Every structure is written in structure tokens, then in C-alpha cells.
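Hi,

Here is the model I promised to pass on.

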Amino acid sequence: MDADLSASAATDVTPPDSDPARKRRVHGMLKLYYGLNEEGKPDQPESLDPCDINGPHFDPEVFLNKLRKECSLTELMDQESCMVKQIRSLDSDMQTLVYENYNKFISATDTIRKMKNDFKKMEDEMDCLSTNMAAITEFSARISGTLQDQHTQITKLSGVHTLLRKLQFLFELPARLNKCLELQAYAQAVSSHRRARCVLQQYSHMPSFRGIQDDCHAIMDQLAQQLRQKFRDGGSSAKDLSECVELLLQLDEPAEELCDKFLSHAQSRLETDLLGLEAELREPVSVSGPKATVDPAGSSTSKAGEGPAGLTPSTSGTLLSPASRTDILEFIDRGCNEFVSSLCLVIASYQELFVNRPQEGDLACKNIPQMASGKLHSFVDTLAARYFTLVERRIQEEKGVGDNSLLVRALDRFHRRLQAVSKLLPGSAVPSQGTEIVVRAARERIRQYLSALQTFYLDSLTDVRQALAAPRLSVGGAGVAGGRGLLGGESSVKDASPSLPDLLVSLSASILNQIKSVLASVHLFTAKDITFSNKPYFKGEFCSEGVREGLVVSFVKFVCQSSRQFCESAGDRGGTTPPALLLLLSRLCLDYETSTISYILTLTDEQFLVQHHSPVTAVTALCSEAREAAQKLLNHYVKVQGLIISQMLRKSVETRDWVNTIEPRNVRAVMKRVVEDTTSIDVQVGLLYEEGVRKAHSSDSSKRTFSVYSSSRQQARYAPSYTPSAPMDTNLLSNIHKLFSERIDIFSPVEFNKVSVLTGIIKISLKTFLECVRLRTFGRYGLQQIQVDCHYLQMYLWRFVSDENLVHFLLDEIVGSAAHRCLDPAPMEQSVIEVICERG
Amino acid sequence: MEDDAPVIYGLEFQARALTAQTAETDAIRFLVGTQSLKFENQIHIIDFDDENNIINKTVLLHQAGEIWHIGGSPADKSILTTCYNKTSDCKVAACAAVWRMPAEWESGSHESPDDSSNNPQTLELLCHLDNTAHGNMACVLWEPMGDGKRLISLADNHVLLWDLQESSAEAVISSSATLEGKGQLKFTSGKWSPHHNCTQLATANDTAIRGWDLRTMSQIYCIENAHGQLVRDLDFNPNKQYYLASCGDDCKVKFWDVRNIGEPVKTLEEHSHWVWSVRYNHSHDQLVLTGSSDSRVILSNMVSISSEPFGHLVDEDDLSDTEDNNQEEKSKEPLQDSIIATYEEHEDSVYAVEWSSADPWLFASLSYDGRLVINRVPRALKYRILL
């Protein structure tokens, strides 16, 4: 019974006349109408299950069977009630839908009925309209039929009118052209002619037109003539010119000829610029030439004063400083403003005219741009070459090293302005040539700075030399205060002399300053705002090869070199170089070795950010060179000072008759001089060099002198000589002595300290004394005098040397040799010697 | 190839004068003159026995005074000259004389080595070179390779040319020249050139070197300031006629081409004190010997300015065994100017050096303390020069 119920329900749901497909369509339409979608449901085609009540393949038999088989009674009951509920809701839904549809259908029917009425009215109106239109058409056809004739006449008349106007233009053309010519309205003339040209050409077979054409030709020829004339005239401006050229081109003038003419005209104008520059270059030379010879100081000092540090006052005088005329910046400015800018203008207008012009008509096939740009290049190149030679000449005249910024600025402007050319004329070699000139100028500049530095160095040496020479006498007396008042007489003048350390400090400071200012000047070349500073040359080679090697290293080498020359040239005779200068230079070189060189080089490297592409001189190499120079100078100083003292000693020994001398009453004056000089040398060296180390000596060194020369020992030494039996013993004694003492190198290199220097000098002096004594023959008193002298030297010289035994030994040798060379060797009592020496 | 050790001989007295016995070409013989104011001065004849490395000496007395310079006759080996100081009570004068050695010294010396103490023989005076008019004698020079008849003496500022007559019994001044002018004009030393037919002489005074033409007795060149200080000695290159070596108080040895006297050809600066003596080797003029008061003797090899700048050219065929070949290869690289050796056997200033007249590879040096050292050129070098 359940099954019946549900079956009836199912038939209720399904419209009786519909097959499943139709039912589905209605269902779908309904859904569409209500905006429902099958979203909640699973996919349609899958519901093949006949038990799915909503599926398309629903089979009520199967469904019922299944329910009956599977469900219990209660479940069936539930199912049934549920289904009844669903059927009811579906029923009411259906009713609502049907009602709505009915309503709509009613209203639609009303609307249609209304439309039917309206259309009827409209149809009547349309019929009326069409009849009216037919009437209008008829009228219009009639009118146009009547007007046809007149219309064709009017058209013809207007054609004739145009033609007549054209003809009038043609007939008037010669007159008009003439008038244009008169008014110099060339452009108008040319455009008029161009307009007429084709027509005239076409109808040239008719005599009247031919006449016109001939007239026009004549006039145009005249015009072209005038244009050319104008072109040839120098006076017209570039703009006028370009206009001319344009017109001429339009007149079918040959382009090549025009190019040439244009260029030649431009050339003539540019050449006047160049000539102006050249005149400026040449004119003052003739003026300042004789002037420089007459008054070298006057003109130079004013220029030198402008320099940053008054560089080389003496040199710039000879260098023909261009103070009297325009400076280089002005010159370059003028060059840029006149020559370069008009060159640019020429290039620009030329390119406008010939190279970049829109190619039209038969001009295109002539390949004008290529030809034109070729001409332009060669034109620019030749002119630029001349300009460059002028500039280079001017740069070469720029020899005053005073103010570098002017030159750099000038070069910068020069270079910058050439960039314009390179922009206008991309392929041109001009900018690179310009860069080359700048590079050359920079190189030249470095060379000049080097030589300026060198002259400065030499000049300051001369100054030092003068400073040393002027109050030279007082240097000697300065330090003798330590001489126990024995020599106190002339030790008063102390303060007058400029002290060596001061000189050294001022010398090295001024050199350093000079180097710095030169570096600063040169540094301008690489400044950021200078256009050429980013060229590879200025980034690399200029810094390393040029500034570092060419300037700084060369200068240091020059200093060493010139120092060494002092040792060699002034050399043998003790020379013209004052010893103090040697000492000073030696200290200078030593300072260079210890600090200055590395300082300068570091400074340079930092300032110029030198990247070493090529191998550069190492700091150590330079330092060792400086040290070598210092060593050489100091050795030479020792040699020279030693020689001065040696000469005194030698003269004193050689010129005296030692056989017939009187009994010694005091120390010979020359020995006092020797001690004095040694003391002053000691002071001098002490001003610049450290003390140095001595071998430890006994606290009573001055006493020790007595023990060496104690009469007992001396007797013992010389005693064998008096006994004829054993002539060998003296030799043996002294030989044994020598065996145990070290060999003494007399002219040996010294160390960089005072003691070593003094030791060297004293060694040289005493050895000379020894050799001279050996060449003489002595009487009794001669020997005694030598004894006194040696004792005196002993008293004062030990304090200066590193090893006092050295002095003892040499003095022993001297007295020993004198004793050997003595005809009557009777030595003086030691006490007497002491008394004499104490007395002075 | 061990080099022989130097042979040292000690004199009792101080000594400055040394010469080779020029006329002797077989035995290696040197003459040394002593300086002593108190004792009889002596002339030591040093005979060097090369085979046994022994020295034989003979002492002759030179009673006239201390000897400053000595020279052996190139013709007669028994004749020699000395310059000596004659000291009277209050006067010292330098004189010169020609002496003959006694004939029998050679025979007696070998048996008793210490016969000098017994009864030394005395030199026989042939003649004085009378210098009363000309001042102190600095040195006496024999005509090189002459017949022993002509002498030059340098006395103060005079150059005196002597002729020895009647078997050297009398000396007559045949011509003379005098140096005049300002400054120090005393001659310190001189050398008679062996070239140009012995017509040239070089002298040294103060810092200048002068050349003289003996035919006219006039100066032919003058190297002013040849050395920074006193010029001590000169020597002519025996094989290159215009080359001259000089040394002096500036510690330098300089080589000159007298045709171009502006600059020395070469300068050596090896000594650390005055250089007193310079000598070219008689046969191999690249070997130059110098003695200095720094107590050193230096033997230098001045190949570049010698007469054999490239060494001997030897055919390679001459060399058979490999060792020689190796050596030859070595010697083919051109020799550089160099110091061959520095001899430090002396303790005192070396005032004289001299090559042997008999053995070109042997030389003697004399220091003030009376030490005579005989040395040889290192063998390696000797063979390099010879081969």
C-alpha cells in the first residue's frame, strides 16, 4: 500500500503528458527562471542510480522495492511521511508558479492588443509621407534638368579663370623676380621660380613661354650670380651664408662646388682668427726679447712674486716670462671663443646644409653627404692642425712655473671646447690630437717643475753656502769654552752665526715646501673638475711615470747626485765646498733616508692615487741611495777636515829646522790651533749628529796620559836605543806592540755620529803627523819639542774619539819615530813636559 | 795550486830604500838600504832561492849615512847609486854617490849566514855626484837599459843629467834644467822613461807631474794637480809608451795617457792612506803593485789599460786534455780590472815595492820597520795570463 501511495505521489508530481526529457527541460527552464543552479547537487550525469529520487533515471519500482526490502516498518513510515511532506511543498510551489505565469500571460495579451491599434495609425502616416516624397523627387528632377546647362558653363569659366591666373603669374614672373632681386628677397624669388619652373619647362616649345623662360633664366642666373657674389664676399654672416647656400642648392648649383666655396669662405674667416692668434703669439716676443736682455731682474721679479712660493726667482728671469702680454688663459680663451666656436658654427651649418639635409629629388642620388663630410673632415683637420701648432707654441712659451692653475685652466678650457667639435664631428681626430697636446703640455710641465726644483735646490744651497761663509769665523770660536780657558781668547763671538741646525731645518723645510707646492700645482692636472683628468694618461702614466718617477724620484736622485758631485769635483784639494756644507748635506741626505723620502713618496702616492702599472723605483732603493750619498758626504767631510788639520801639521813639521831648534819652552802654536780646530769641528758635528758611543774609558782619562808617557816607561822604551849592543829591541818592542793592536784604517768610512767623525779626523791628522816626522831628522830639542806637542795633543784629543787608545797609540808612534830620527835622543823629563803643557 | 807563503825577512834597522838588482837577470836579488842615525848604515843584498824558498843575505856597510834612495846600474850588477843623508853636527844634507860592491861578496856569503856581524865588507866609492850647488838629492835614476854611463839626479828643483866617465870614476854634469815658478818646487821623485830612445823623463813635485825632453832639457807636459796632494811616485808602463802611473797622498793611484793629460785614464782608490810607491810589472803591464802607509801592498790587474787588453790569443788546437779546455773557457771571458790581492804582512808603513828583475812573477815590499816581504803573483792568475 505504501507502494501505491508513493506511486500515485510520483504520478502526481509528473505531468501526465510528458516524457522524461520534456519534463527535464521544463524543470531546467523553471530553474533558470528562478535563478537556481544545480550547485548543491553532485554532477548530473553521475546520478545513474535508479534509486535517486531526484536523478533522471529514477525508477519508482526499483526504489520502492529497495525500500521495502531494506527498511523496517518505522523507517518506511518515516520515509513516507517525509515524502508526503516533500510532495506537498512541491505542490504548493507548483501552484504558485502556475499562478504567476498566468498573470504574466494576461498582461502580455493586453500589450499586444494595444500595439495592434498603434501600428495601424502609423501605417497611415507612412503612406502619406511616401506620397509627399515622390512629389519632391519629381520637382527636384525638374529643376536640375533646367539648371544643367548653366552649371557646366560655370565650371568651365572657373577653370579658365585659374588658368588665366597661372598665366598671369607666369607673365609677371620676370618682373616679380626682378623686383625680388631688387629687394634682395632671394628666397621668395627662388621659391617663385621653382613653382614656375616645371610649367615653363613643359611649354617651352611655345614661343611666348620660351620668352618667359629665357627671361626667367636670365634673371635667375643674375640672382645666382648675386648669391655667389654674396657668398664670395667675406662680410656676410654665417647665417646669411647658409641661406645663400640653401638657395643655391635649390637652384641646382653643383653641391661639391658649393661645399668647396663654403669651406673656403669659412676658411678665410677662420684664418683671420688664426692670424689674430698668431699675431698675438708673435708680437710680444719682439718686444720682450730685447727687454729681457736689458732688464732681466725687473721683469722677472714681478712675475716671480705671483708664484705660490716665489719659485726660482733667478731662473724665471731668463725664461722670458710672458708677463707683458696676455696670459695663456686669455690666449686660449680667445682661441676658443674665436676660432673654435666659429669652427663649430661652420661645422654645424655645414652639416645642416650639406650632410644632414633631407634628401629629395635628384640631389639624393649624388651622394652629397658622403662627399661633403669627407671634405669637412679634411677641412677641419687642416685648420685644427694649424690651431694646434699655435696653441702648442703658446704652451711652450709658458715656462714660468709660477702659477700652474692658469695653465691647467687654459688646457682644460682648450680641451673642453674641443669636446664640442667631437660632438659635432664624431669621427674626427681633432679631440684626440687635442688630448695629445694636453698630455705633452703636462709632460713638459713636469719637466719644467723638475728643473725648477733642481735650480731651487741649487739656489738654496748657494744661500746656505753664503750663510755659512759670511759669519764663518765665528763658527770656529763657538765651542772652545770647554778648552779650560786655555784658548778662551777668541771664544766670544758665538751668537752671530746662524746655527747649522737652523740652516738644516730651514733648508729641508723649504725644499719640502717646494716639493709640496709643486705637487699641489701638478695635482691640478688630475683635479676632478678638469675634463681631461679622466683620460687614461692622466689616471695612470701621468701619476706614476710622470709625477712619481719623473718628478719626485728624479728630484731625490738629483739631490743625491749633486751631493755626490760635491765629493768628487770639489774633491782633491779640500775644494771650494765649505766643510760645514758637506756636513749639512750629509745630514740632509741621512734625514732623507730615514724619513723624508718615504714621507714624500707616500704623500705623492696618496695625492695621486698612483697605480703602478710599470715598475717604479722602490722606496728602499731611493733610501739606500740617499744613505750612500750621506755616507759619502760624511766621509768626504772627514777627509776635508782631516786634510785641513793635516796641512797645518805637515807645514809645521816640514818648515822647521828640527836639528837646530832651541829647547822647548812651550807648546807650539800650531798644536793649539789643532786642538782649537778639532774642538770647533766637534761642536759643528755635534750640532747635527748624535754623540755616538765611546769605548768605556777610565774615569781619569786625562790622568792616564801621564801614565803612558810616564818617564819610567819612556825610559824603558827608549833605553835600548842608547845601548849599541842591542839595536833590535826597539823594533821588536814596537812590533810586539803592533801585533796586539788592531790595524788602523786611516781613511775609512765613518759612522753617522760625532765620535766616529771626530775619530776619523784625528786619525788622519795624527797619521800625517807621524809620516812627516819620519821624513825629518831631529836634534835633541827637536825631539823634546815633539814630546811636548804630543803630550799636549794627548791632553785634549782623547775626549773626542771613540777609543782613546787609538790616540795614545798614534802619539806613541810619533814620539817613537821622532826618537828614532833623533841624532841625540835625550828625552825630556815627564814632569817638565807636564809643566810646559799646563802652562799652555 | 796552493800559493807559496810569503817569505819575510827582517832588518835590524828601519829602511826605506829598495831596488831590484837591475842588471841581474838570473838570480832573484834585491838591494835594501837602511836608515839609522846612530849606527853604521848597511846595504842588504837579499838573494832569494826560489826553489827552496830561502833567503840568503849579504850585508855591505854604507858608512856615508842613512840611505833614502837606492838604484842599481842596468849594465853592471855590481854598481849602484844611493842617496843618503850626511849629518854633521848641526846640518843635514842629502848627497848622492855611485858605489861598487866588493867583488868577493858573492863567494863568501853562502857559507856563514851570520857573517854580517863578523866583518861586513864595505862598499867602494866610485864617485860623488857633487850637489853642493844644487841642494838635497831626492833620487838618482839610471838610464833604463842603458850602458850604465848616464844618470839623472833630482836635487831640490834641479834636474841634473850626469855622464860617468873613466869607468865611473868621475861624474860630469852634461846638462841640467831648473824648475822655476811659485809654490813647492822640490822634486819628490822621478822616472826615466824607457821609451822614445830614453829621451824622456817624468818628475813629480808637489801635486804636479811634469815631463821633460832630455835632449833640450825642457818641459814637454805638465799635469797640474795630478793628485789632490803630494805625488809620491811614478812609473812608466814598460809596454805602452804614453802610459804612466802615479800615486800620492790622496790615497789614489792614477793612470795617465800623457797625450791627453786632462783626465786620468783610470783611478784606483783602494788604499786607506798615502800611496808611496807604484810599480808596473816589467813584462806583464796589467800587473800593478802599490805600497802604502796603511801597511798594505796591493796587486792590481789593470787589464783594460794594459798592452794585452784581451789576454793572449791561444789556438785551441794546442790544448789537448779536458782540464786545460775548461780552464781555457774560463779565461776566455775577458778579465776585468780588479784587485788581485792585498798583502797584509807588514805592520808598518810600506815605503817601497819592487818587482824582481829576474822573475816577473815575484816582488818584494819593504816597510819602515825593516821588514822585507817577498811575494809571488797568485799562480791561478799567472797561468791565466800565460795560457
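Predicted model: local features only at pLDDT ≥ 70, side-chain atom pairs only at ≥ 80, totals over all residues.

Residues are numbered from 1 along each chain as its sequence is written, chains are lettered from A and ligands numbered from 1 in the order in which they are written, and side-chain values use heavy atoms, with hydrogens and water left out.

Let's start with the interface. On the chain B side, 46 residues are in contact with 33 residues of chain A (contact means heavy atoms within 4.5 Å). About 3400 Å² is buried between the two chains, and carbon and sulfur atoms give 46% of that (buried area being the accessible area, with a 1.4 Å probe, that two parts lose on being put together, summed over both). Of the area that chain B buries against chain A, 16% comes from B:L37, B:K38 and B:E347, more than from any other three residues.

The rule finds four salt bridges across this interface (a side-chain nitrogen of Lys or Arg within 4 Å of a carboxyl oxygen of Asp or Glu). In one salt bridge, B:D249 meets A:R650 at 2.4 Å, N to O. Strand 2 (14–20), strand 6, strand 7 and strand 8 of chain B each supply at least two residues of the side that touches chain A (strands are DSSP runs of E, at least two residues, and helices are runs of H or I, at least four, numbered from the N terminus). That side of chain B divides into 13 nonpolar, 14 polar and 19 charged residues (Ala, Val, Leu, Ile, Met, Phe, Trp, Tyr, Cys and Pro count as nonpolar, Asp, Glu, Lys and Arg as charged, and the others, Gly among them, as polar).

Over all chains the structure holds 35 salt bridges. Within chain A, A:R564 forms a salt bridge with A:E625, with the closest N and O atoms 3.2 Å apart. This pair links distant parts of the chain, 61 residues apart: A:R564 is in helix 17 (residues 536–568) and A:E625 in helix 19 (residues 619–654).

Now the sheets. One open sheet of chain B has four strands in the order 6-7-8-10, with antiparallel pairing (two strands pair if DSSP finds at least two bridges between them). Strand 6 (66–72) and strand 10 (124–129) stand at its edges with a single partner strand each, so one side of each has no neighbour in the sheet. Strand 7 (residues 79–88) and strand 8 (residues 91–100) of chain B pair over 10 bridges, and B:S88 has B:K91 in strand 8 as its bridge partner.

Five bridges join strand 11 to strand 12 (residues 150–155) of chain B, and B:V140 stands opposite B:S153 in strand 12.

Cheers
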